[in-house]
Amino acid sequence: MMILEEISSSLMWLFCALIPCLLTDGVAVLPAPQNLSVQSTNMKHLLMWSPVIVPGEVIHYSVEYQGEYESLYLSHIWIPSSWCSSTKDPECDITDDITATVPYNLRVRAILGSQTSAWSTPKHPFNRNSTILTPPGMEVIKDGFHLVINLEDLGPQLEFLVVYWRREPGAKEHVQTVRSGGVPVHLVTMESGAVYCVKAQTFVKVIGRQSAFSQAECVKVQGETLPLALALFAFVGFMLILVVVPLSIWKMGQLLRYSCCPGVVLPNTLKITNSPQKLTSCRKEEMEVCTMSMLSSEELFRPGSSRCKEGPS
């Protein structure tokens, strides 16, 4: 065990000597980060460096920046990064710190407890106009006869130029600006049987640069016609509406009329079938007949009448 501990201790001191780890007044000096570089794509800037390794310890890092304004007008002050004043990762997203198209000085140091390393800086200042711009990913959608495109969202500072055309000899290209990605955008209403193509590029106003165009994607619109059965069904439905709606309105009117003003039907015995003059004349004739009958009866049974004197034979 003693031998293993001695070997381990020797290797640790050898490791420190290689990176290098110096001694000043008996206190170990923390090595500074090495190999600083900025990876910048589509206006997203990432400062990276080689990690400082101390066995059994967790190293933190501090990042600061200095723009042209701080260098010229603020006595060369350094400003701590928004997200990396103390980070464990050997990288830092400095996108929010780079707000102007000017050279920026960057620096990083390692921190271990109360110990700090010397500052390390990249070989050259960073300017965001050196960012690499890539064409956006895009999805071309055929929605019926509508040509729709959905572009990849690459961030708030990036806009897109979309070029589309009908594929035919001498076709004219149409250009449309799309302010942001991630939202479907309608381009044109297509004609039946035609082929339409689309390509797009990324551009950034603040740096005056644009990417190459994406690979063109084409879609074909099939000749879509209304089926005969559907047309016939629509015609029959229309005719039924023309017949049923007026009939329903008339029937409803009848129901409302009966409900509000119902008609009164007299029994047959109370109905007058003849004119009043004719009824009056009929009544007079009947009265005369009745009078004559009564007079005849009185004469027949009056005493002294010849008919009363006659006996049975």
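Reader: Which residue forms a salt bridge with Glu-159 in which the closest N and O atoms are 2.6 Å apart?
Author: The model is predicted, so local features need pLDDT of at least 70, side-chain atom pairs count only at pLDDT 80 or more, and totals for chains, interfaces and linings use all residues. Residues are numbered from 1 along each chain as its sequence is written, and side-chain values use heavy atoms, with hydrogens and water left out. A salt bridge is a side-chain nitrogen of Lys or Arg within 4 Å of a carboxyl oxygen of Asp or Glu. At 2.6 Å between the closest N and O atoms, the partner of Glu-159 is Arg-179.

Reader: How many residues apart in sequence are the parts that Glu-159 and Arg-179 tie together?
Author: Helices (H or I, at least four residues) and strands (E, at least two) are DSSP runs, numbered from the N terminus. Glu-159 lies in strand E12 (residues 159–166), whereas Arg-179 lies in the loop between strand E13 (174–178) and strand E14 (185–189). The pair therefore ties together parts whose separation in sequence is 20 residues.

Reader: Is Glu-159 buried or exposed?
Author: Buried means under 20% relative accessible area, exposed over 50%, and partly exposed in between (1.4 Å probe, protein chains only). Arg-179 counts as exposed at 51% relative accessibility. Because its relative accessible area is 14%, Glu-159 is buried.

Reader: How many residues of strand E12 are buried?
Author: E12 pairs with E15 in the antiparallel sense over 8 bridges, and with E13, also antiparallel, over 5 bridges; two strands pair if DSSP finds at least two bridges between them. Val-163 has Lys-199 in E15 as its bridge partner, while Val-162 has Gln-176 in E13. E12 is mostly covered, and of its 8 residues the number buried is 6.

Reader: How many residues apart in sequence are the parts tied together by Arg-107 and Glu-64?
Author: Arg-107 forms a salt bridge with Glu-64, with 2.7 Å between the closest N and O atoms. Arg-107 lies in strand E8 (residues 105–112) and Glu-64 in strand E5 (residues 60–66), so the separation of the parts they tie together is 43 residues.

Reader: What is the relative accessible area of Glu-64?
Author: Arg-107 is buried, with a relative accessible area of 16%. Glu-64 is likewise buried, and its relative accessible area is 13%.

Reader: Over the ring of which residue does the charged end of Arg-107 sit?
Author: A charge sits over a ring if NZ of Lys or CZ of Arg is within 6 Å of the ring centre and within 35 degrees of the ring normal. Lys-199 provides one case, with its charged end 4.7 Å from the centre of the ring of Phe-213. The charged end of Arg-107 is 4.1 Å from the ring centre of Trp-119.

Reader: What is the angle between the ring planes of Tyr-69 and Tyr-73?
Author: Rings of Phe, Tyr and Trp (its six-membered ring) pair if their centres lie within 6.5 Å; planes under 30 degrees apart count as stacked, over 60 as edge-to-face and the rest as tilted. Both residues lie in helix H2 (residues 68–73), 4 residues apart, about one turn of the helix. The count under this rule is 3 aromatic pairs. Tyr-69 and Tyr-73 form a tilted pair at 5.4 Å centre to centre, and the angle between their planes is 40°.

Reader: Which residue in E11 stands opposite Asp-143?
Author: E10 and strand E11 (residues 146–151) run antiparallel and are joined by 6 bridges. Opposite Asp-143 stands His-146.

Reader: What share of the 313 residues in the protein chain is buried?
Author: The secondary structure of the chain comes to 5 helices and 17 strands. The buried share of the 313 residues is 27%.
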